[in-house]
Amino acid sequence: MAQDETRNQTTPDPGEPGSSAERTPGLEPTAAGAQPVAGRSRRGMFGVTGTGDTSGYGGLRLPPHVPARAERPFGGWFDDVADALFAALHDAGVPDDAVQQVTIDRGEITFYVRAEHLVATCRAFRDDPALRFELCSSVSGVDYGPEVPQRLHSVYHLTSMTYRRRVRVEVAIDWPNEAGGPPTVPSVVGVYPTADFQERESWDMFGIVHEGHPALTRILMPDDWEGHPQRKDYPLGGIPVEYEGAEIPPPDQRRSYT
């Protein structure tokens, strides 16, 4: 494969020679501290137990899917991006354990980053000449449910228009915490202005507080709405219908006739 084609391909072939043999020693994620938790088993569409689930998904059973930590060589440009990122963080004085682990799954690479180093990591992705991830294309929230440690995750999808590459940066939030405060991560609006409305949506739907955001207000729900509708423990609610005093109850409260 020609050099230009290798640089511009969006998904490397696993097992291709990477740059891991030439990387600077000591610039690898460390195993210190708890590792990020992602994934949980699912039973039914709504997790209903002990009652009739008339949604049609009551028999759904999905085991937890937790991609393992990736090992070198990652393949193709994944190694180049990882090497450039670790070098940039090292030059900026960011601790080696800022990146907790690197995961590759379904042809995509994810960097799990500690919350306190999120902004520095995003700045390195944007500014380093070997990275040039100029665009934050989306910010997503994830809730794995109250029974999962680090139940809330904040996910940043970065795009390099220079090199035609995409990576994911993910923060596993330690919440609930001992201080009893809300789930909190730093805002990246100062690095990626496109994250403004996206962080507002993350706050609105999941209650993730993006510290430093210029105007962290609701964007989908009314200003006086209580709660965050995409959390797993948010009430499912019923659907009002247009006949006398009737309402369709939520799936976990419907009667089953089988």
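The following exercises, with worked solutions, concern a predicted model.

**Exercise 1.** Determine how helix 2 and helix 3 are arranged relative to each other.

*Solution.* Two packed helices are described by the angle between their axes and the distance between the axes. The axes of helix 2 (residues 77-91) and helix 3 (residues 118-127) come within 9 Å and cross at roughly 120°. Helix 2 is therefore oblique to helix 3. The crossing of helix 2 past helix 3 is right-handed.

**Exercise 2.** Determine which parts of the chain the salt bridge between arginine 114 and aspartate 97 ties together.

*Solution.* The side chains of arginine 114 and aspartate 97 form a salt bridge, at 3.9 Å from N to O. Arginine 114 belongs to the loop between strand 4 (108-113) and helix 3, and aspartate 97 to the loop between helix 2 and strand 3, so the pair ties together parts that are 17 residues apart in sequence. To classify each partner, recall that buried means under 20% relative accessible area. Arginine 114, at 18%, is therefore buried, whereas aspartate 97, at 27%, counts as partly exposed.

**Exercise 3.** Is aspartate 204, a salt-bridge partner of arginine 218, buried or exposed?

*Solution.* The closest N and O atoms of aspartate 204 and arginine 218 are 2.5 Å apart. Aspartate 204 lies in helix 4 (residues 195-206) and arginine 218 in the loop between strand 9 and strand 10, so this pair ties together parts that are 14 residues apart in sequence. Because its relative accessibility is 0%, aspartate 204 counts as buried. Arginine 218 is also buried, with a relative accessible area of 10%.

Definitions and conventions: Residues numbered from 1 in each chain as written. Predicted model: local features only at pLDDT ≥ 70, side-chain atom pairs only at ≥ 80, totals over all residues. Heavy atoms only, no water. Axes fitted to C-alpha atoms, helices over the stretch in contact; angles between N-to-C directions. Helix = DSSP H or I, 4+ residues; strand = E, 2+ residues; numbered from the N terminus. Parallel < 35°, antiparallel > 145°, perpendicular 65-115°, else oblique. Left-handed = near helix turned anticlockwise from the far one by under 90°. Salt bridge = Lys/Arg side-chain N within 4 Å of Asp/Glu carboxyl O. Buried < 20%, exposed > 50% of the residue type's maximum accessible area, 1.4 Å probe, protein only.
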